[in-house]
Amino acid sequence: MKKEGYYSSGEFAKLARVTLRTIRYYDKQNILKPSLVTESGARFYTKEDLARLQQILLLKYLGFSLDDIREMTVADADYHLMLDSLHIQLKLVRDRIEQMQLVENAIRSTAAAIQDERSVDWSRMLELIHLTGMEKSLKNQYQDASNISARINLHSLCSQNPEGWFPWIFRMCDLKPGMQILELGCGDGTLWTSNLSRLPDEISITLSDLSEGMLRDTRRSLGAENERFSFTAFDCADIPFEDQRFDLVIANHVLFYCEDIPRVCMEVRRVLRPDGRFVCSAYGSAHMREVSQLVRDFDERIVLSAERLYEKFGRENGESILRPFFENVEWYSYEDSLSVHTPEPLISYILSCHGNQNQYILNRYNDFRSFAKKRTDRGFRITKDAGLFLCKKKF
């Protein structure tokens, strides 16, 4: 007898407006497994499975392979995860629209050149091939956006400091009218979107990131017509601006990702004006340690980060790294902790880490969710050991 709230494979296919063959194929490919399989082998699905199918079909429409989709979706339709996923999917759709507009313009330009000149401009053709190939992987952009969203979401939902990390960073930057500002590794631009109403009008802010996709997201969030912002993609070890250009350079949780931190510091010093300031945030060794312990308690093989970022650049060693390049290097702690009472934002955060956790969690996802729920039902406290170095240019 069928359980209430469950749909047979045929009913589910009809509800989703896909073929039964599609549902069976996704089952076979381990992309969408049924929520219930009876002893007789009958397969049943739920509305939560329908939400997951929505993600799968949209990602497939955007051009992702089934292998990509398998990595990019999680078997949980909790509204926290679904809302995050929908927001990121919306960004992907906007990216695809922008890319298609570029392709359209390139085709028009190439066709017009052929018609007018009666010859083929191979440089234009190569540009068109490059655009249609879309070398910049949307998969990477999706994962980057997903990871940033998951980390910000956990902190915004569970932080005990009412000010919030980004308003605190903004306040510590002490912006004044007329300043020229550069942010290295701006990510999704939350520092600015969350403080937009507090910005002086007479100010110029250059946002940079390695990812063109992140810059597109940020440009859309801030409004393309906002003349206070400009956007440039580059590696912060090679800043493409003249000497003494900026009054303030910001690197929010960026330096520990850089391969050559001293070179980045030299570049920052070069582009700072006399008495210019460098604001760079970092973690300490105690930051989020309870999360690492949680996943090890579930499976001792899990390591959330392939390297300890605070050992590359952190609260404990940051001053010694910065001191050769800057003076008045001072550390300011952001006093905060997390109090987590539901598992969803914590699980999203864990899955966003750069370690091997997905190897041991995704195939036991329901077990891990139950494990995390038991911990968070009692209230799960997480240490935050973070802050920033405030430096002045050294002559």
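Tutor: Contact means heavy atoms within 4.5 Å. Keep that in mind. The model here is predicted.

Student: How many helices and strands does the chain have?

Tutor: There are 17 helices and twelve strands. Of the 395 residues, 48% count as buried.

Student: What share of the chain's contacts joins residues at least 24 apart, among those between residues at least 6 apart in sequence?

Tutor: That share is 79%.

Student: Let me look at α17. How do I read the packing of two helices?

Tutor: Two packed helices are described by the angle between their axes and the distance between the axes. Here α12 spans residues 289–298 and α17 spans residues 365–377. Their angle is about 130°, and their axes are 11 Å apart. That angle makes α12 oblique to α17.

Student: Is the crossing of α12 and α17 left-handed or right-handed?

Tutor: The crossing is right-handed.

Student: Which residues meet where α12 and α17 touch?

Tutor: From α12 come L294, V295, D297 and F298. From α17 come D367, F368, F371 and R375. By class, this contact has five nonpolar, no polar and three charged residues. Look again at L294, V295 and F298: they are also among the buried residues of α12.

Student: Now another helix. How many of the nine residues of α8 are buried?

Tutor: Seven of them are buried, so α8 is mostly covered. The buried ones are W165, F166, W168, I169, F170, M172 and C173.

Student: Where is P167?

Tutor: P167 sits in α8, which runs over residues 165–173.

Student: What is P167 in contact with, leaving aside its neighbours within four places in sequence?

Tutor: P167 is in contact with N195 and R198. P167 and S194 are 27 residues apart along the chain, yet their C-alpha atoms are separated by 7.3 Å.

Student: What happens just after α8?

Tutor: There D174 takes a positive phi of about 50°.

Conventions: Residues numbered from 1 in each chain as written. Predicted model: local features only at pLDDT ≥ 70, side-chain atom pairs only at ≥ 80, totals over all residues. Heavy atoms only, no water. Axes fitted to C-alpha atoms, helices over the stretch in contact; angles between N-to-C directions. Helix = DSSP H or I, 4+ residues; strand = E, 2+ residues; numbered from the N terminus. Parallel < 35°, antiparallel > 145°, perpendicular 65-115°, else oblique. Left-handed = near helix turned anticlockwise from the far one by under 90°. Nonpolar A, V, L, I, M, F, W, Y, C, P; charged D, E, K, R; others polar. Buried < 20%, exposed > 50% of the residue type's maximum accessible area, 1.4 Å probe, protein only.
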